[in-house]
Structures are given as structure tokens and as C-alpha cells.
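Here is a short briefing on aromatic pairs and a surface patch. Look over the sequence and the model, then read the points below.

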Amino acid sequence: MNKIKTYFEESWNELFHKVSWPTWAELQGSVVVVMVASLIIALLVFGIDSIFGNGIKAFYNMFV
């Protein structure tokens with residue numbers, strides 16, 4: 001039981017005294033970067049999916 005108590009005390013100490021938390025402005029900047037990167041990746045996946053989807057349809061239509 002003592003080990004569990006020590007673990008939580010050390011975790012609490014580390015979270016409040018050793019971790020450097022980002023400022024609100026840094027956090028907002030990071031959120032914008034993540035949103036833009038997610039949008040770009042989603043558009044790339046959509047484009048690749050559309051290209052392959054149309055290619056498969058064209059391939060199947062050759063044999064129908």
C-alpha cells in the first residue's frame with residue numbers, strides 16, 4: 001500500500017513542479033497546426049480513394 005501512495009505523491013509532484021505546460025498561445029498554435037495537417041491528410045486520402053475507386057470501376061466495366 002505504501003508503494004501506491006508513494007507513486008501518487010511522486011506523480012503529483014512531477015505534474016506540478018517538473019512538467020513545463022504550454023502557454024495558451026502555444027496551445028492554440030498547436031491546435032491550428034494539427035487541424036490543418038488533419039485536413040490536408042483527409043483530402044489526400046479522399047483523392048487517392050477517388051482515383052482508385054474510379055480505376056476499379058473502369059476496370060470492372062471493361063468486363064461487363
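Helices are DSSP runs of H or I with at least four residues, numbered from the N terminus. This is a predicted model, where local features need pLDDT of at least 70, side-chain atom pairs count only at pLDDT 80 or more, and totals for chains, interfaces and linings use all residues. Residues are numbered from 1 along each chain as its sequence is written, and side-chain values use heavy atoms, with hydrogens and water left out.

**Aromatic pairs**
- A search of the whole structure finds four aromatic pairs (rings of Phe, Tyr and Trp, with its six-membered ring, whose centres lie within 6.5 Å; planes under 30 degrees apart are stacked, over 60 edge-to-face, the rest tilted).
- Y7 and F8 pair edge-to-face, at 5.4 Å centre to centre and 70° between the planes.
- W12 and F16 form a tilted pair, with 4.3 Å between centres and 40° between the planes.
- W12 and F16 sit four residues apart in helix α1 (residues 2-17), so about one helical turn separates them.
- F59, Y60 and F63 make up one aromatic cluster.

**Exposure**
- Y7 and F8 are both exposed (over 50% relative accessible area; buried is under 20%, partly exposed in between; 1.4 Å probe, protein chains only).
- W12 is exposed at 57% relative accessible area, and F16 is exposed at 53%.

**Helix α2**
- L44 lies in helix α2 (residues 24-61).
- With 52% relative accessibility, L44 counts as exposed.

Conventions:
Helices (H or I, at least four residues) and strands (E, at least two) are DSSP runs, numbered from the N terminus.
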